[in-house]
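The following note is intended for a colleague who is meeting this structure for the first time. Please read the points with the sequence and the model side by side.

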Amino acid sequence: MDDYPLLNVFLTTMWFFIFVLWIMLLFRVFADLFRDDSVSGWGKAGWSIFLILLPFLGVFVYLIARGKGMGTRETARAQQAEQEFRGYVQEAAGEAKKPSTAQELTHLADLRRSGDISEEEYQRAKALVLS
């Protein structure tokens with residue numbers, strides 16, 4: 001441990017985290033590039049080649065050229081996913097609350113048997129349920 005001072009350990013750790021940060025940024029750029037429908041196939045191919053051949057420069061150029069739109073596109077995707085999720089939950093909750101036709105007819109028959117509704121009211125309600 002004497003031949004590797006504490007400052008070198010700190011610098012090695014710092015460079016490792018910077019490298020991990022850059023890898024994460026590279027994946028984020030590729031994800032944004034391939035999720036963006038406004039870029040043509042040739043544009044995506046060109047950016048990909050640039051990012052693969054000159055990765056450090058490519059990431060920085062991409063962030064300068066298209067960085068502002070990255071946040072906007074991510075926000076739009078998140079809002080769309082939220083709306084789809086809310087719609088699904090509302091649809092599922094609506095289906096869970098609505099009783100089936102058989103359950104409604106059973107309930108009407110029980111009301112008629114107990115005398116809470118007359119035969120005429122039962123027939124009217126039954127026609128509504130079955131229509």
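**Notes on helix packing and selected residues**

1. Helix H5 covers residues 119–130, and its packing angle with H4 is about 175°, with the axes 10 Å apart. Axes here are lines fitted to C-alpha atoms, for helices over the stretch in contact, and angles run from 0 to 180 degrees between N-to-C directions. Helices (H or I, at least four residues) are DSSP runs, numbered from the N terminus.

2. On the H4 side, the contact is made by Thr 101, Glu 104, Leu 105, Leu 108, Ala 109 and Arg 112, and on the H5 side by Glu 119, Tyr 122, Ala 125, Lys 126, Val 129 and Leu 130. Contact means heavy atoms within 4.5 Å. By class, the contact of H4 with H5 has seven nonpolar, one polar and four charged residues. In this classification Ala, Val, Leu, Ile, Met, Phe, Trp, Tyr, Cys and Pro count as nonpolar, Asp, Glu, Lys and Arg as charged, and the others, Gly among them, as polar.

3. The model is predicted: local features need pLDDT of at least 70, side-chain atom pairs count only at pLDDT 80 or more, and totals for chains, interfaces and linings use all residues. Residues are numbered from 1 along each chain as its sequence is written, and side-chain values use heavy atoms, with hydrogens and water left out.

4. The chain has an average pLDDT of 89, and 95% of the residues score at least 70; pLDDT is the predictor's confidence in each residue, from 0 to 100. Confidence is lowest in helix H4 (residues 101–114), with a mean of 86, and highest in helix H2 (residues 41–53), at 94.

5. H4 has 14 residues and reaches 20 Å from its first C-alpha to its last, close to the 20 Å expected at 1.5 Å a residue. The expected span is 1.5 Å times one less than the number of residues in the helix. Just after H4, Gly 115 takes a positive phi of about 90°.

6. Helix H1 (residues 6–35) has 30 residues and spans 43 Å between its first and last C-alpha, close to the expected 44 Å. The buried residues of H1 are Trp 22, Leu 26, Val 29, Phe 30, Asp 32 and Leu 33. Buried means under 20% relative accessible area, exposed over 50%, and partly exposed in between (1.4 Å probe, protein chains only).

7. H1 packs with H2 at an angle of about 170°, their axes being 10 Å apart. That makes H1 roughly antiparallel to H2. The residues of this contact of H1 with H2 divide into eight nonpolar, one polar and one charged. From H1, Leu 26, Val 29, Phe 30, Leu 33 and Phe 34 meet Lys 44, Trp 47, Ser 48, Leu 51 and Ile 52 in H2.

8. Is Asp 32 buried or exposed? Asp 32, in helix H1, has a relative accessible area of 3% and is buried. Leaving aside neighbours within four places in sequence, Asp 32 is in contact with Tyr 62, Arg 66, Met 70, Arg 73 and Arg 77.

9. Leu 33, also in helix H1, counts as buried at 0% relative accessibility. Not counting residues up to four places away in sequence, Leu 33 touches Val 39, Lys 44, Trp 47, Ser 48, Leu 51 and Tyr 62.

10. Trp 47 lies in helix H2 and counts as buried at 19% relative accessibility. Beyond residues up to four places away in sequence, Trp 47 touches Leu 33, Gly 58, Val 61, Tyr 62, Ala 65 and Arg 66.

11. Asp 3 is found in the segment before H1 and counts as exposed, at 69% relative accessibility. Asp 3 and Gly 43 are 40 residues apart in sequence and 50 Å apart in space, C-alpha to C-alpha.

Technical notes: Helices (H or I, at least four residues) and strands (E, at least two) are DSSP runs, numbered from the N terminus. Angles under 35 degrees count as roughly parallel, over 145 as roughly antiparallel, 65 to 115 as roughly perpendicular and the rest as oblique.
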